[in-house]
Amino acid sequence: MNKNIAYFLLRASMGINLLGHGLARIPKLSVFAEGMTKSFEKSWLPPPLVHLFSTTLPFLEFLIGAMLILGFKTRIANCAGAVLIIALLFGSSTIENWEAMGIQMIYALFFYILISRLEDNRYALDRK
């Protein structure tokens, strides 16, 4: 039972984190996308690709976050979150943002825990 509660709390924490990122960025989407595109000017990534990713990112964060909070399609949400972190790690490496990569690796670890302990996902819409 404690494992189930711990899983729920970690899943909800990651969900709130991602949902909050999305909610903060969606209302100022163009400013966020322009800022991110500007921060990648020294990267070898094509600016249109960076702009497309940064325009899509807040919606992905919001959707994955909401799914995690609800425990809806939890396995898919966790895997999508982990893949999103991989994409962020890749982008951060192209601009040598090692500090961001350190934080992103912590997210990767949390997704590892959430994916590897899916059997503890008792308090979720998946169980209904």
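Helices here are DSSP runs of at least four residues, numbered from the N terminus. That's the wording I need before starting, and I'm keeping in mind that this is a predicted model.

**Entry 1: S43**

I looked up S43 and found it in the loop between α2 (29-39) and α3 (47-70). Is S43 buried or exposed? Its relative accessibility is 9%, so it counts as buried, because the cut-off for buried is under 20%. Next I checked what S43 touches, skipping residues up to four places away in sequence, and got T94 and I95. With T94 there is also a polar contact, side chain to side chain, at 3.1 Å.

**Entry 2: the aromatic pair**

How many aromatic pairs does a search of the whole structure find? I got one. The partners are W44 and F90, and their pairing is edge-to-face. I noted 5.8 Å from centre to centre and 80° between the planes.

W44 is in the loop between α2 and α3, while F90 is in helix α4 (residues 74-94), so the pair ties together parts 46 residues apart in sequence. I also looked up how open each partner is. W44 comes out at 60% relative accessibility, so I wrote it down as exposed. F90 has a relative accessible area of 45%, which means partly exposed.

**Entry 3: the core**

I went looking for the largest nonpolar core, and it has 22 residues. Which residues have the most contacts inside it? My list reads M14, L57, L68, I85 and F111. I checked which helices supply this core: α1, α2, α3, α4 and α5 (98-116) each give at least two residues. The largest share is from α4, with six residues.

Leaving out residues up to four places away in sequence, L57 touches R25, F32, M36, L84 and L88.

**Entry 4: R25**

I found R25 in helix α1 (residues 2-25). Which residues does R25 touch, not counting those up to four places away in sequence? They are F32, L57, P58 and E61.

Note on methods:
Residues are numbered from 1 along each chain as its sequence is written. This is a predicted model: local features need pLDDT of at least 70, side-chain atom pairs count only at pLDDT 80 or more; totals for chains, interfaces and linings use all residues. Side-chain values use heavy atoms; hydrogens and water are left out. Contact means heavy atoms within 4.5 Å. Buried means under 20% relative accessible area, exposed over 50%, partly exposed in between (1.4 Å probe, protein chains only). A polar contact is a pair of N or O atoms within 3.5 Å; within protein, one must be able to donate a hydrogen and the other to accept it, and residues adjacent in sequence count only if both atoms are side-chain atoms. Rings of Phe, Tyr and Trp (its six-membered ring) pair if their centres lie within 6.5 Å; planes under 30 degrees apart count as stacked, over 60 as edge-to-face and the rest as tilted. A nonpolar core is a set of buried Ala, Val, Leu, Ile, Met, Phe, Trp, Tyr and Cys residues joined through side-chain atoms within 4.5 Å.
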